[in-house]
Amino acid sequence: MGLGIGDRLPNFSVEDQNGDQRSSESVQGRWLVLFFYPKDDTPGCTAEACSFRDNSSNFVALNAEVWGVSGDDAVSHRRFAERHSLSFPLLCDRNNALRRQMGVPKALGMLPGRVTYVVDPTGVIRHTFSNLLDGPAHVREAERVLKELQS
């Protein structure tokens with residue numbers, strides 16, 4: 001079973017596309033939208049990442065950081081971020097260690113799943129959303145939930 005509502009975000013430290021370490025501790029005190037996606041530069045993942053990019057001001061207004069996670073390496077992430085002007089960190093989940101730690105399920109039994117977690121400022125997961133085929137739905141859902149939880 002994967003982590004769900006009410007579970008604590010596990011301790012982790014993962015390098016992003018620029019070689020910066022991103023840790024669960026460093027985001028304490030702020031909301032975090034942590035979205036796991038299958039692969040850089042695929043159509044669904046590009047649509048999802050660009051939708052997060054296009055709505056970044058909404059997440060800033062909600063005091064939420066957005067971090068993307070996939071098993072791609074830093075070179076692939078940097079290229080993906082530059083090609084699509086992505087302004088948020090893309091975590092390099094080598095060997096899918098963070099994906100396993102969070103219990104992100106595989107889609108169709110073999111593809112890396114697409115799951116988004118909304119984590120509150122104390123590190124508690126307040127919402128999860130899984131939808132492999134509609135990447136932009138993750139953005140709409142995360143924004144809706146943040147507004148609801150903060151009102």
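**Figure 1. Surroundings of H84 in the predicted model.** H84 touches D41, T46, C50 and R53, leaving out residues up to four places away in sequence. The model shown here and in the other views is predicted. H84 sits in the loop between α3 and β5. With a relative accessibility of 16%, H84 counts as buried, because the limit for a buried residue is under 20% relative accessible area.

**Figure 2. S85 in the loop between α3 and β5.** S85 follows α3 and has a positive phi, near 50°. S85 is not a glycine. Most residues other than glycine have a negative phi. The relative accessible area of S85 is 54%, so S85 is exposed.

**Figure 3. The buried face of helix α3.** Helix α3 covers residues 74-83, and its residues A74, S76, H77, F80 and A81 are buried. Viewed down the axis of α3, these buried residues fall within an arc of 160° and therefore line one face of the helix. An α-helix has 3.6 residues a turn, so residues three or four places apart point the same way. The elements that cover the buried residues of α3 include α1, β4 (64-70) and β5 (90-92). At the start of α3, a side-chain oxygen of D73 comes to within 3.3 Å of the backbone nitrogen of V75.

**Figure 4. S70 in strand β4.** S70 has a relative accessibility of 0% and therefore counts as buried. Not counting residues up to four places away in sequence, S70 touches Y37, P38, D40, H77, L91, C92, D93 and R99. One of these, H77, is among the buried residues of helix α3. The side chains of S70 and D72 make a polar contact of 2.9 Å. S70 and H127 are 57 residues apart along the chain, and their C-alpha atoms are separated by 20 Å.

**Figure 5. Contact of helices α1 and α5.** The axes of α1 (residues 43-54) and α5 (residues 135-150) come within 6 Å and cross at roughly 30°. This angle makes α1 roughly parallel to α5, because angles under 35 degrees count as roughly parallel. On the α1 side the contact is made by G44, A47, E48, S51 and F52, and on the α5 side by G135, P136, H138 and V139. These contact residues divide into four nonpolar, four polar and one charged.

**Figure 6. R114 and its contacts.** R114 is placed in the loop between β7 (111-112) and β8 (115-119). At 5% relative accessibility, R114 counts as buried. The side chain of R114 is joined to the side chain of E48 by a polar contact of 2.6 Å. E48 also takes part in the contact of α1 with α5. Leaving out residues up to four places away in sequence, R114 touches F36, Y37, P38, G44, C45, E48, F129, S130, N131, L132, G135 and H138. Among these, G44 and E48 of α1 and G135 and H138 of α5 belong to the contact of the two helices.

**Figure 7. Q150 in helix α5.** Q150 has a relative accessibility of 34% and counts as partly exposed. Apart from neighbours within four places in sequence, Q150 is in contact with W31 and L62. A polar atom of the Q150 side chain lies 2.9 Å from the backbone oxygen of L62. Q150 and D120 are 30 residues apart in sequence, with 9.8 Å between their C-alpha atoms.

Figure 8. N95 is found in the loop between β5 and α4 (97-102). The relative accessibility of N95 is 65%, so N95 counts as exposed. N95 and W67 are 28 residues apart in sequence and 18 Å apart in space, C-alpha to C-alpha. N96 also lies in the loop between β5 and α4. At 28% relative accessibility, N96 counts as partly exposed. Phi of N96 is positive, near 55°, in a residue other than glycine.

Key
Residues are numbered from 1 along each chain as its sequence is written. This is a predicted model: local features need pLDDT of at least 70, side-chain atom pairs count only at pLDDT 80 or more; totals for chains, interfaces and linings use all residues. Side-chain values use heavy atoms; hydrogens and water are left out. Axes are lines fitted to C-alpha atoms, for helices over the stretch in contact, and angles run from 0 to 180 degrees between N-to-C directions. Helices (H or I, at least four residues) and strands (E, at least two) are DSSP runs, numbered from the N terminus. Angles under 35 degrees count as roughly parallel, over 145 as roughly antiparallel, 65 to 115 as roughly perpendicular and the rest as oblique. Contact means heavy atoms within 4.5 Å. Ala, Val, Leu, Ile, Met, Phe, Trp, Tyr, Cys and Pro count as nonpolar, Asp, Glu, Lys and Arg as charged, and the others, Gly among them, as polar. Buried means under 20% relative accessible area, exposed over 50%, partly exposed in between (1.4 Å probe, protein chains only). The arc is that of the directions from the helix axis to the C-beta atoms. A polar contact is a pair of N or O atoms within 3.5 Å; within protein, one must be able to donate a hydrogen and the other to accept it, and residues adjacent in sequence count only if both atoms are side-chain atoms.
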